[in-house]
Amino acid sequence: MMTVQNHVTAMVGNHAVAYAVKQAKPSVLAVFPITPQTTMLEKLAEYIEKGELKAELIKVEGEHSAMAAVYGAAVAGARVFTATSSQGLLYMTEMVYWVGGERVPIVNAVATRAIAEPWSIWDDHQDFFSKRDASWIMMMAENVQDAYDMTLQAFRISEDKRVLLPVMMGFDGFILTHTMERLMVLDDEIVDKFLPPREFSLIDFKDPVNVGPIAAPDDYMKIKYETMKAINGSKAVIEEISKDYEKITGRKQYGLVECYMCEDAEYVFTTSGAWTGDAREAVRRLRNQGKKVGLLKIRVIRPFPKERIKEVLKGVSGVVTFDREYSFGSGGVLATEVKASLYNSGIEVMSVIAGIGGKDVRPSHFQRVMEDVLNGHKFEERWLNE
Amino acid sequence: MSELVPEYIRRKKVISQQHFFRGNAACPGCPIPKELELLLEVMGKKTVLVVPASCSTVIMGDIHGSPSQVPVIHSAFAASAAIASGISRQLRMRGDDAKVVVWAGDGATGDIGFATVSGAAERNEDIIYVCYDNEAFMNTGIQRSSLTPFGAWTTTTPTGKREFKKPVPFIMIEHKIPYVATASIAYPFDYQAKLRKAKDIQGFRYIHLLSPCPPGWRFDSSLTIEVAKVAVETGVWPLFEVVNGEFSLTGLSKTLLDKSKRKPVEEYLKLQGRFDKMTKDDVRAFQEAVDSMWEYIKQLVKK
């Protein structure tokens, strides 16, 4: 019988992630303040100034440099961390692609937030999903516990020799960053065992290499092909690390997707991020009314778990995806990808666009949409504007 | 190949046994390979070069090999001083005394990367930043930068630039960093002496190196050193260093505070096709700007 090695506390999301980062013992961090990530930066600065975390915190002049600085440190062998949000993530985008292309282990926590113009400090997923083609592994947390657990797993996944890719952990701005929740944290020794120190550096004076030089077309495409293989191959590693984490915590860690009452479901919500909790509550209420509904949470956005989605949704009549972001001129990103995953399966995919710019979404919203569907009001795309 | 480097990057081998391999991809008459060779001779093998988008990106070879004997980290255009900051902090964390050198052009330094350079200088990061200034965006084919001089033809200033050169070395002095210097490839001993001094100082060291570009400046590729030399003799390019706030002129420039010792700027301008379209008034304005810079230098020397 395994003992659960955690103790119970309460923290807001930003502090939970900062605490996980402290336990992961990175040697270099570079962070620039941006709402709603800022209180995480403050916490990290506090840990370092108090000597609780022995690391260099580079207080850069902007997010482009934040990503550049952790890239440099990661190239030199450091375990690194940075965090950002919204405009900050856009501002660092060039470097986000740069580190993805070079396949350097980096963990970036993104407190998701709407993108200007117009200005909005509130939550949605437009920032996070805009990085979906940057050769990163991308995961979305559901709650504060998940954000903590995911941060620790992100370091391990990123540095795994079979993966070697940067990992972006998304967690909803304010909804998770600023909400205090019950949190079970691991003992430091347990984290040390789960996450041994980072091993390799790209800077070796005895055997120097040229990092990030020009590649002619044949080489460039070959490198992209290798990246594709590494990202697809990471699915198995993410699931393996999830299981490993499950063992030491006793908490279920779900891997790529998580199913709630999917088994005999006729209609299923698909969600990603914090509102999964609201969707779960809606499913619970609908089940109480005897409606056969379920929920599929997509935990990993990149690589997109196509095979798992197809497997889990086999036999359902329809899917209602909730997107907190939108690809203008196309549709909800998650909806599009779920559709692609279910291609030729005959399963109907309906797309709901909601919560853009922080617009409130509650269990009752999920419930109402599903009731409409069950009453035969099908749709291709529906914006919850009312 | 070392265990330290993962498989996916192993193809990017550094092949040179020399400081800097001859037969690299530089244009004929380009001073960059020589400038790098002189730099690496001083800095030694325990040096990391960080190179933003520039002519040197091409000179540094492709994924099949690099002409440098030391690790080269290529950087996005605006990112080099920040990447170098990260490398330097991690080297400090692992107790490694290797040197981190940014090798950047004028565009990466004075334009797109200016905030990054200024940020790293303000934080006094332990890096040596060398700007090799060829006074335009040369790698993309001679477009004006903020460091292109007044009157110069470029493809984006076809009738000659109307603004004066951004005085980056002087701006760097105002950052109160431990070391700032200018240098010229025509005076290699002066350049290397400055590198040697910079090597032994901790904190942000800035060296601004005038690096004439034969195709961009429109002169014959045999004249590179001559052009770099006349730039100093006319006072257009003063050689100085600032150690912990102490300003001093070096080499020939020590003698040039007296205006009569400086050759007229025409001698510099006439060597280069890029100044062909300048009018007499333009030349006068250029001369006045040089003279006024020397008045400013006079104040710095007195301090």
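Biologist: Taking buried area as the accessible area (1.4 Å probe) that two parts lose on being put together, summed over both, how much do domain 1 and domain 2 of chain A bury between them?

Modeller: In this predicted model, domain 1 and domain 2 of chain A bury about 2,200 Å² between them, and carbon and sulfur atoms account for 54% of that area. The contact involves 31 residues of domain 1 of chain A and 29 residues of domain 2 of chain A.

Biologist: Where do you draw the line between the two, and how far apart are their C-alpha centres?

Modeller: Domain 1 of chain A runs over 7-249 and domain 2 over 257-383, with their C-alpha centres 27 Å apart.

Biologist: How many salt bridges are there between those domains?

Modeller: There are six salt bridges between domain 1 and domain 2 of chain A, and one salt bridge in the model joins the side chains of Glu142(A) and Lys297(A), at 2.8 Å from N to O. The two domains also have 15 residue pairs in polar contact, counting pairs with both residues at pLDDT 80 or more.

Biologist: Which element gives the most to the domain 1 side?

Modeller: On the side of domain 1 of chain A that touches domain 2, α9(A) gives the most, with seven residues. By class, that side of domain 1 of chain A has 15 nonpolar, seven polar and nine charged residues.

Biologist: Switching to the two chains, how much area is buried between chain A and chain B?

Modeller: About 4,000 Å² is buried between chain A and chain B, with 63% of it coming from carbon and sulfur atoms, and the contact takes 47 residues from chain A and 53 from chain B. Phe205(A), Val209(A) and Asn210(A) supply 18% of the area that chain A buries against chain B, more than any other three residues.

Biologist: And how many salt bridges there?

Modeller: Chain A and chain B have three salt bridges between them; Arg89(B) forms a salt bridge with Glu56(A), where the closest N and O atoms are 2.8 Å apart. The polar contacts between chain A and chain B come to 13 residue pairs, both residues being at pLDDT 80 or more.

Biologist: Which element has the largest share of chain A's side?

Modeller: The largest share of the side of chain A that touches chain B comes from α3(A), with eight residues, and by class that side of chain A holds 27 nonpolar, eight polar and twelve charged residues.

Technical notes. Residues numbered from 1 in each chain as written. Chains lettered and ligands numbered in written order. Predicted model: local features only at pLDDT ≥ 70, side-chain atom pairs only at ≥ 80, totals over all residues. Heavy atoms only, no water. Domains from an automatic or database assignment. Contact = heavy atoms within 4.5 Å. Salt bridge = Lys/Arg side-chain N within 4 Å of Asp/Glu carboxyl O. Polar contact = N/O pair within 3.5 Å; in protein donor to acceptor, adjacent residues only side chain to side chain. Helix = DSSP H or I, 4+ residues; strand = E, 2+ residues; numbered from the N terminus. Nonpolar A, V, L, I, M, F, W, Y, C, P; charged D, E, K, R; others polar.
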